[in-house]
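Hi everyone, thanks for coming. I'd like to walk you through a few spots in one protein model, so please have a look at the screen.

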Amino acid sequence: MTDNKELHRPRIVVIGNEKGGSGKSTTTMHLVVSLMKDGFTVGTIDLDARQGTLSRYLENRTRFAEKSKDVVLLPKHRRVFRSEAANKATSEEEDKDNLELAMHELWDRDFIIFDTPGSDNYLSRLGHSYADILITPLNDSFLDMDMLAKVEIEEKELKLTPSTYSQMVWEQRQQRAMQRKRPIDWIVMRNRLSHIDAKNKRDMGVLLEHLSKRLQFRLSPGFGERVIFRELFPKGLTLLDLGSDGAGVSMSMSHVAARQEVRTLVKAIGLTKDEPAI
Ligand SMILES: Nc1ncnc2c1ncn2[C@@H]1O[C@H](COP(=O)(O)OP(=O)(O)OP(=O)(O)O)[C@@H](O)[C@H]1O
Ligand SMILES: [Mg+2]
């Protein structure tokens, strides 16, 4: 944070992977609320505007805030739709203009957080090109691992072929290096960790360690599989809001543990008040 408007530049965090349903929007909301509760100003951009999960999550939160007696923190939000122009050059130009306008409107914030779709498109790639920090939630299953790399065993040797998504991140890193920008801090977090399948959890852990060295990402602790995440969406709330007026959800031990997981993740990324990333 700086008082000098000329020098101010928000920290940009992109939540992305090309696999649907891995927890991007859920992670985005929790990260956003955590940052706001720590006193940071936050702007959010929904680059998955057609599906609009983050936008709907925030609409639900706005409705909750209107009824609540407590202060419910809200980010400044923008929803950027993909251009519908038939011509590729025109549509890319429009996407670029729309995204830059949204970012310009949020430039006074400490953080701008992007939620992205579970599939590749120009607008999403453009969003990734601005990332100071990229967070990739990964469902804790071997099926989802191929989003990072194809894993084969050849003559007892592990053969890893980076996925198109990992290659895209690599290309963005190359471009940033050429522009002498700070490298993207890429963080992979495991989501929906099962409490029962300990062996699967361990095997995934070993493979992810390999991948993290090869693809140059940091591994961070993630979230367990918990029903509460689905229940919070209609109210627009996160685990960090529980206990507030009208939330209507009493805190159980499981919720306390889940909330701790969120704080641990935010700390591992380096985005808590104690460890400001700027
Ligand atoms: N740790 C978890 N435990 C249980 N349910 C979860 C967890 N994380 C996410 N979910 C649920 O999984 C579903 C998909 O999550 P979410 O919408 O965050 O994923 P996404 O990656 O944004 O999906 P998409 O690619 O479609 O945008 C939601 O119903 C959400 O509540
Ligand atoms: Mg989503």
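Let's start with arginine 226 and glutamate 261, whose side chains are joined by a polar contact of 2.6 Å. Keep in mind that this is a predicted model.

Where does arginine 226 sit? You'll find arginine 226 in the loop between strand 9 (218-220) and helix 8 (228-232). Is arginine 226 buried or exposed? Its relative accessibility is 12%, and because buried means under 20%, arginine 226 counts as buried. Leaving out residues up to four places away in sequence, arginine 226 touches His195, Ser254, Ala257, Ala258 and Glu261.

Now let's follow one of those partners, His195. Histidine 195 belongs to the loop between strand 8 (185-191) and helix 7 (198-215). With a relative accessible area of 56%, histidine 195 is exposed, because the cut-off for exposed is over 50%. Apart from neighbours within four places in sequence, histidine 195 is in contact with Glu225 and Arg226.

Last stop, a pair of helices. Helix 1 (residues 24-37) packs against helix 9 (residues 253-269) at an angle of about 75°, and their axes are 10 Å apart. Angles of 65 to 115 degrees count as roughly perpendicular, so that is how we describe helix 1 and helix 9. Which residues meet there? From helix 1 come Thr27, His30, Leu31 and Ser34, and from helix 9 come Val262, Arg263, Leu265, Val266 and Ile269. The residues of this contact divide into five nonpolar, three polar and one charged.

Technical notes: Residues are numbered from 1 along each chain as its sequence is written. Chains are lettered from A and ligands numbered from 1 in the order in which they are written. This is a predicted model: local features need pLDDT of at least 70, side-chain atom pairs count only at pLDDT 80 or more; totals for chains, interfaces and linings use all residues. Side-chain values use heavy atoms; hydrogens and water are left out. Helices (H or I, at least four residues) and strands (E, at least two) are DSSP runs, numbered from the N terminus. Buried means under 20% relative accessible area, exposed over 50%, partly exposed in between (1.4 Å probe, protein chains only). Contact means heavy atoms within 4.5 Å. A polar contact is a pair of N or O atoms within 3.5 Å; within protein, one must be able to donate a hydrogen and the other to accept it, and residues adjacent in sequence count only if both atoms are side-chain atoms. Axes are lines fitted to C-alpha atoms, for helices over the stretch in contact, and angles run from 0 to 180 degrees between N-to-C directions. Angles under 35 degrees count as roughly parallel, over 145 as roughly antiparallel, 65 to 115 as roughly perpendicular and the rest as oblique. Ala, Val, Leu, Ile, Met, Phe, Trp, Tyr, Cys and Pro count as nonpolar, Asp, Glu, Lys and Arg as charged, and the others, Gly among them, as polar.
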